[in-house]
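Hi everyone, thanks for coming. Let me put the structure up so that we can walk through it together.

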Amino acid sequence: DGCIKAVGQADVIRNQFSEATFERIIDCSGKCVLPGLVDAHTHPVWAGDRVHEFAMKLAGASYMEIHQAGGGIHFTVEHTREATEDELFGALRQRLERMLRAGSTLVECKSGYGLDLETELKMLRVIERARKAMEIAISSTYCGAHAVPRGKTATEATDDIINNHLPKLKELILSGEMHVNNIDVFCEKGVFDLESTRRILEAGKQIGLQINFHGDELHPMKSAELGAELGARAISHLEEVSDEGIVAMARAKCAAVLLPTTAYMLRLKQPQARKMLEEGVIVALGSDFNPNAYCFSMPMVMHLACVNMKMSMNEALAAATINAAYALGKSDTHGSLEVGKQGDLLIINSSRWEHLIYQFGGHEALINYVIIKGKVIYKNERCKTMSSY
């Protein structure tokens, strides 16, 4: 049934299953078996290439300066609105396959480059298609409040989402046409303020969506305090979180989804992972894959978390597996090797699991097998000829 039947010492398991026959046996001598990685925050559905903005950033332009010059989210929105569903699906499929080859077996996928009902639903349909067509598990997020659409105020955009987007979404979810798990808002100065964010998140919660939103990224907004109060499952970014917000998240068991790629690429200050861990916050990791932070690889995210956010390798592995699964409401089925959980595993070509983090960008020759629900989904032929050291 695709679930793990036993975990333990080899001789005990051999005795337990001495009468059983297996479709396939993989010799893992000298290798490591790990849980499939979980990417708790991605924006993988979009059209239009923003590589030119990377040059602007390197020359010193800030995120908001690029945004105001017609770049950033609005550039992507224009191209995504013009793209067909098939074009978006083709791009999403390739991106998810690259994530899978880097060890991710569960990925959170957001909409948010439509900003109008028609395009947001188009993006969610594309995510739904991928969920049905691909082996990789997907947690689907409605992120219609990713930016204020051109020609609207934040209040008008908020009213549109509450009065038009969410009722339509509820209808599609109830009819079984679409599975959506989470609601997200970009709570930020000049985007959606605290009150607009509260209104949208509460309306999303009323139709059964988990609250999982962007907060305290570029300015301290008291997003963490709001999330804790509303019973949010997770808040992402948190570069500018307050001390009170950290304490509130710990008490509320609200996960912090930290995104070391974003802080690295935008040259922001790093999230306070150590302080959060010491205060008892459940710390998870995500790649934040999007046109602004083009990274498919959770092993590289873990490496950055260790080097730039001062996490230990053990903490980073937990943050990219069981804690990331928790942030998506999936820790009962994903994120660890336990009896009864889904059989999502990585086999790496090394006798020490730490190589998955230590080898920066080395995952392409290190991940030997990716297994989902007990089936080999990816076998890396390179591992036959290349040593992992």
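Predicted model: local features only at pLDDT ≥ 70, side-chain atom pairs only at ≥ 80, totals over all residues.

Residues are numbered from 1 along each chain as its sequence is written, and side-chain values use heavy atoms, with hydrogens and water left out.

Okay, domains. The chain splits into domain 1 (3-32 + 343-379) and domain 2 (35-47 + 83-328), with bounds that come from an automatic or database domain assignment. Their C-alpha centres sit 29 Å apart. On the contact itself, 18 residues come from domain 1 and 21 residues from domain 2, where contact means heavy atoms within 4.5 Å. Together the two domains bury about 1,700 Å², with 77% of that on carbon and sulfur atoms. Buried area here is the accessible area (1.4 Å probe) that two parts lose on being put together, summed over both.

How many salt bridges are there between domain 1 and domain 2? The count is one, and by salt bridge I mean a side-chain nitrogen of Lys or Arg within 4 Å of a carboxyl oxygen of Asp or Glu. You can find a salt bridge between the side chains of Glu 135 and Lys 375, at 3.2 Å, N to O. On the domain 1 side, the elements giving two or more residues to the contact are β10 (345-348), α16 (355-358), β11 (367-372) and β12 (375-379). Of these, β11 has the largest share, four residues. Helices (H or I, at least four residues) and strands (E, at least two) are DSSP runs, numbered from the N terminus.

Now, single residues. Look at Ser 287, in the loop between β9 (283-285) and α13 (298-308). Is Ser 287 buried or exposed? It counts as buried, because its relative accessibility is 0%; the cut-offs are under 20% relative accessible area for buried, over 50% for exposed, and partly exposed in between (1.4 Å probe, protein chains only).

Lys 310 has a positive phi of about 60° although it is not a glycine. You'll see Lys 310 in the loop between α13 and α14 (313-319), and it is exposed, at 60% relative accessible area. Lys 373 also isn't a glycine, yet has a positive phi of about 50°. Lys 373 lies in the loop between β11 and β12 and is partly exposed, at 47%.

Last topic: salt bridges over the whole structure, where a search finds 25. Take Arg 199 and Asp 159, whose side chains meet at 2.8 Å, N to O. That pair links distant parts of the chain, with Arg 199 in helix α8 (residues 194-206) and Asp 159 in helix α7 (residues 154-174), 40 residues apart.

Then there's Arg 274 with Glu 278, a salt bridge at 3.6 Å, N to O. These two are separated by about one helical turn, because they are four residues apart in helix α12 (residues 273-279). Arg 274 is partly exposed at 27%, while Glu 278 is exposed at 62%. And to finish, salt bridges with shared partners join Glu 195, Arg 198, Glu 202 and Glu 229 into one network.
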